[in-house]
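Work through each task yourself before you read its solution.

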Amino acid sequence: REAHLSIQDLKDGDWVLHVATVDGVGNVSFEAAHLRIKVDSTPPLAKLRPLPPFSAERSFTVAWEGEDNLAGVEFYDVEVKEGPNDPFKPWLSRTALTESLFRGEDAKTYQFRVRAVDRAGNAGPAQTGTEVTVDVSPPAAVTDLRTVSARSFRPKSRPNGAIIRNS
């Protein structure tokens with residue numbers, strides 16, 4: 001015979017459920033079944049490790065970490081967006097990795113976000129990291145130089161007192 005039991009309002013943590021049987025006249029079994037259960041309703045936390053504001057390489061490592069004190073982190077969803085107005089798009093879904101190599105394009109700015117999901121199915125909030133701009137192009141060459149005589153060179157000063165050395 002089947003029986004169903006619904007338990008509500010258990011706090012997060014480890015619990016042991018003891019099940020005994022009772023017959024029609026009220027006799028209780030001497031043996032009980034013991035079922036260990038873990039209640040986890042707390043979502044995990046994830047965060048991105050800081051990135052430098054610029055990358056001189058097209059490919060750079062993006063790293064993240066997560067924490068869940070009960071069930072443990074099962075996987076991460078990592079998203080990326082290009083530029084300030086674009087939406088976030090999936091980059092790595094349901095991954096157990098905690099870092100990966102991202103390949104960007106020159107003169108593009110990227111931002112990443114990560115969320116963790118624990119083994120109990122709780123999804124944490126998405127945490128957004130800093131922006132990184134890929135800059136692999138050299139600056140424009142200087143093509144116009146003019147000679148300034150010492151007589152016409154006069155340092156200028158800014159309102160804060162700092163001296164500007166070129167004019």
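Predicted model: local features only at pLDDT ≥ 70, side-chain atom pairs only at ≥ 80, totals over all residues.

**Exercise 1.** Find which residue in β8 stands opposite F60, then describe the sheet around β8.

Step 1. Residues are numbered from 1 along each chain as its sequence is written, and side-chain values use heavy atoms, without hydrogens and water.

Step 2. Strand β5 (residues 59–67) pairs with β8 in the antiparallel sense over five bridges. Strands are DSSP runs of E with at least two residues, numbered from the N terminus, and two strands pair if DSSP finds at least two bridges between them.

Step 3. Now widen the view: the order β3-β5-β8 forms an open sheet of three strands with antiparallel pairing. Its edge strands, β3 (45–48) and β8 (99–103), each pair on one side only.

**Exercise 2.** Is D77 buried or exposed, and which polar contacts does its side chain make?

Step 1. Locate D77 in strand β6 (residues 73–82).

Step 2. D77 counts as buried because its relative accessibility is 15%; buried means under 20% relative accessible area, exposed over 50%, and partly exposed in between (1.4 Å probe, protein chains only).

Step 3. The D77 side chain reaches the backbone nitrogen of R94 at 2.8 Å. With the side chain of R115, the side chain of D77 makes a polar contact at 2.9 Å. A polar contact is a pair of N or O atoms within 3.5 Å; within protein, one must be able to donate a hydrogen and the other to accept it, and residues adjacent in sequence count only if both atoms are side-chain atoms.

Definitions and conventions: Helix = DSSP H or I, 4+ residues; strand = E, 2+ residues; numbered from the N terminus.
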